[in-house]
Amino acid sequence: MVLLKIKFTQQRRVHLAQGLWLLSWTAVIWGAIIFCLGVYLKMELLRRDEVMDNTEIHVVPNILIIVGLASIGTNWVASCVCQDSLDATRFPRWKVLLLGWFAVAAVLCCLLISVVALSFALQGRLEESLKVGLRNGIRFYKDTDVPGRCYQKETIDRLQMEFRCCGNNNFKDWFEVQWVSSRYLNFTSKDVKDRIRSNVDGRYLLDGVPFSCCNPSSPRPCLRYTLTDNNAHFNYEYQSEELNLYSRGCRQALTDYYMELMNSTGPGVLSVILIQMSVILGMRYLQTAVEGIMALEDPEGESDGFLLEKGVKETMEDLKVKALIMLQFWLVDPIATEGSSEDADLEKAEKEASPTPAS
C-alpha cells in the first residue's frame with residue numbers, strides 16, 4: 001500500500017524543486033538564528049557562572065548551538081539536491097546519501113522538540129542552582145583578599161545593581177552573614193567587640209546591606225544600616241519602608257531573566273521545526289518522483305511521488321531489518337576473522353610442505 005501518492009508532471013516537479021530550494025535556504029537562515037540564540041544564551045550563562053552551583057542548564061544552549069550548525073549543513077545539502085533533481089545525470093549521486101540525510105533531519109526535529117521541553121523542565125534545577133550559588137556568593141562577599149574570590153564582591157554588587165535586586169530571597173539575607181571584611185573592622189571599638197561577642201560564631205553581623213542594594217527610586221537618601229530600628233532614623237518605619245531598598249531577591253530576578261530568554265527561543269524553535277518537517281516531506285516527494293521518472297526513462301513524463309512505498313508497519317519492519325543487518329556488519333568479530341585467515345595460511349603451508357606421491 002503506497003502512502004499519500006501524488007501524480008507529478010514535469011512542471012510540478014520543477015515547481016516542487018524550486019519551492020524546496022527556497023524553503024531550504026529559509027531553514028538555513030533560521031538555523032543561523034538558532035545558532036546565534038544558543039551562543040547568546042551560553043554567553044549570558046557564563047557571565048554569571050560564579051553565582052550558579054552547577055552547569056546543568058547549559059544543556060539548552062549547547063543543543064541550540066549543535067542543532068543550529070547541523071540545520072545549516074543539512075538544509076544546504078537539501079538545496080543542492082533540489083538543484084540536481086532537475087538534471088537526470090546529476091541526481092543519482094545523491095541516492096545513497098539521501099537516506100542518511102533523512103535520518104539526520106529527523107534527529108534535528110527531535111532535538112528541537114527536546115529543547116522546548118527542557119526549557120520548562122529545567123526551571124526548578126535553575127532556581128536551585130542559583131539559590132546555592134547566590135548563597136555562597138553572599139557568604140564570600142567579604143573575601144576580597146582571598147585567591148579565587150577576589151572579584152566576588154564586584155560580581156555581587158554589579159549583579160544587584162543590574163537586576164535591581166538584593167540578597168538571595170530578599171535584603172534580609174545580608175543580616176545573616178558577615179559581609180564586612182575583618183580587615184576593615186576596628187577591634188578596639190566597643191561596638192565591634194559587642195557585636196562579635198553577641199554572636200555564637202564570633203561573626204560581625206549587621207542589620208545592614210551593601211550599597212548596591214539601594215534603590216535610586218527612593219525619595220529619601222539610602223538607609224543601609226540599623227534597618228530594623230525605627231528609632232535610628234527620622235520618619236522611618238521598618239515594616240512599611242519599601243522604596244529604600246530593592247525588595248526583590250536576586251534568585252527570582254535571575255530565574256525570570258533566564259526563563260524569559262529561553263522562552264523567547266520557543267517561537268523560533270517551533271518555526272524551525274515546522275520548516276524542517278516541510279523540507280523533509282517535500283524532499284521525500286521529490287526523491288520518489290525523480291526516481292520514478294528515471295526508472296521510466298522519460299524525463300518529460302508523469303511519475304508518482306509518495307511518502308512511504310508500503311504501509312507504516314511494513315516500512316518499520318523493513319527499517320528494523322536493515323538496521324540489524326548494518327549492526328551485524330559492524331559487529332563482525334575481528335579476532336575470529338584474523339584467526340580464520342591464519343588457519344587458512346597454515347593449511348596452505350602444510351600442503352606445500354607435504355611430499356607429492358610418486359607416480
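**Helix packing and cores**

Working from a predicted model, I started with helix 2 (residues 59–84) and helix 3 (residues 97–121), which pack at an angle of about 150° with their axes 10 Å apart. Over 145 degrees counts as roughly antiparallel, so I put helix 2 and helix 3 down as roughly antiparallel to each other. I also noted that the crossing of helix 2 past helix 3 is left-handed.

Next I listed who makes the contact. From helix 2 I found, among them, Val60, Ile63, Val67, Thr74 and Val81; helix 3 brings residues including Trp101, Leu108, Leu112 and Val115. What is the contact made of by class? I got 17 nonpolar, 4 polar and no charged residues.

Then I checked the loop between helix 2 and helix 3, where Pro92 is found. Is Pro92 buried, exposed or partly exposed? It comes out as partly exposed, because its relative accessibility is 37%. I also looked at Pro92 against Met294: they are 202 residues apart in sequence, but their C-alpha atoms are 9.2 Å apart in space.

Last, the cores. The largest nonpolar core has 53 residues, and Leu126, Trp174, Val209, Leu254 and Tyr258 touch the most other members. Several helices supply at least two residues each, including helix 1 (10–47), helix 4 (123–139) and helix 5 (152–163). Which helix gives the most to this core? I have helix 7 down for that, with 10 residues.

I followed up on Leu254: leaving out residues up to four places away in sequence, it touches Arg48, Val51, Leu130, Leu134, Leu159 and Phe163. I also logged a second, separate core of 25 residues, with Phe8, Ala78, Val81 and Met283 among them.

Notes
Residues numbered from 1 in each chain as written. Predicted model: local features only at pLDDT ≥ 70, side-chain atom pairs only at ≥ 80, totals over all residues. Heavy atoms only, no water. Axes fitted to C-alpha atoms, helices over the stretch in contact; angles between N-to-C directions. Helix = DSSP H or I, 4+ residues; strand = E, 2+ residues; numbered from the N terminus. Parallel < 35°, antiparallel > 145°, perpendicular 65-115°, else oblique. Left-handed = near helix turned anticlockwise from the far one by under 90°. Contact = heavy atoms within 4.5 Å. Nonpolar A, V, L, I, M, F, W, Y, C, P; charged D, E, K, R; others polar. Buried < 20%, exposed > 50% of the residue type's maximum accessible area, 1.4 Å probe, protein only. Core = buried A, V, L, I, M, F, W, Y, C linked by side-chain atoms within 4.5 Å.
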